[in-house]
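I opened the notebook to look up charged side-chain pairs. The entries follow the order in which I checked them.

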Amino acid sequence: KGEPCYVNLWPDDTHTPWVPADDQPLRGESPENFRRVLAEYDRQMGRLLDGLRGLGIETNTLVLFTSDNGPLPSFKGARAGGLRGTKLSLYEGGIRMPCLVRWPGHAPAGGLDEQTLWGAVDLFPSLCAVAGAPLPQGIALDGVDVSAAWSGRPVARAKPLFWEYGRNETAFKYPQGRDRSPALAVRDGRWKLLVRADGTGAELYDLAADPREFRNLAAEQPAETRRLSAAVLAWRQSLP
């Protein structure tokens, strides 16, 4: 008692197939079934929050609700919020996820932060900051502390975010067409660059002006293209 406690829940509700209870007539991957699954999901999350209240720890418990990637290619972009890409892609429809923060006394109710850029690598330093735990010494972390954003204060990210998605024709052959991205990506401020692992095929997007990644600016912005290509390729070389 008095020590920080961490709980990581990975609900499987939104994965296929979406099958309601046996007494329901509809089965399979239908929009109506998906609505039912989400309604049940909402009810179960409500039980979790009610449990926190019942334990008397609601006011000192931080709840983060997010996801890992976008919808399957089989939905043909219908659930990517108008963004390009899907699950298995490094375009925004595959990697840009909303995050809900519930932290009574810290996170302002109804607040909206569209400025802070953060990813899973930032969870460790941010949660250490929240818990008052020192970071390990002698380790270069990819993540940064963005915990101020969870209290309603947007954070200007101090370093780029990098992604690599394995790409081959056996295990990673989807999606096809314009949603099929290069295997590497980097985001630095307004700029996002995607490039193949051999350094070819660079695509540069200004996400502040073009969040749907329609206009490739690699030829118009050669300096940014070279800078970000060098950064993401160096990052990849640094991986174990």
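Is R53 buried, partly exposed or exposed? I looked up its relative accessible area, which is 41%, and R53 is therefore partly exposed. I note that the model is a predicted one.

Next I looked for the partner of R53. I found a salt bridge to E58, with the closest N and O atoms 3.3 Å apart. That lies within the 4 Å cut-off for such a pair.

I then asked for the total: how many salt bridges does the structure hold? The count came to 14.

I turned to E164 and R236. Their side chains form a salt bridge, at 2.8 Å from N to O. I looked up where the two residues sit: E164 is in strand β3, residues 161–164, and R236 is in helix α4, residues 222–238. The pair therefore ties together parts that lie 72 residues apart in sequence.

I checked accessibility on both sides of this pair. E164 has a relative accessibility of 37% and counts as partly exposed. R236 has a relative accessible area of 29% and is partly exposed.

The next pair was R215 and E220. I recorded a salt bridge with its closest N and O atoms 3.0 Å apart. For E220 I noted 47% relative accessibility, which counts as partly exposed.

Key. Residues are numbered from 1 along each chain as its sequence is written. This is a predicted model: local features need pLDDT of at least 70, side-chain atom pairs count only at pLDDT 80 or more; totals for chains, interfaces and linings use all residues. Side-chain values use heavy atoms; hydrogens and water are left out. Buried means under 20% relative accessible area, exposed over 50%, partly exposed in between (1.4 Å probe, protein chains only). Helices (H or I, at least four residues) and strands (E, at least two) are DSSP runs, numbered from the N terminus.
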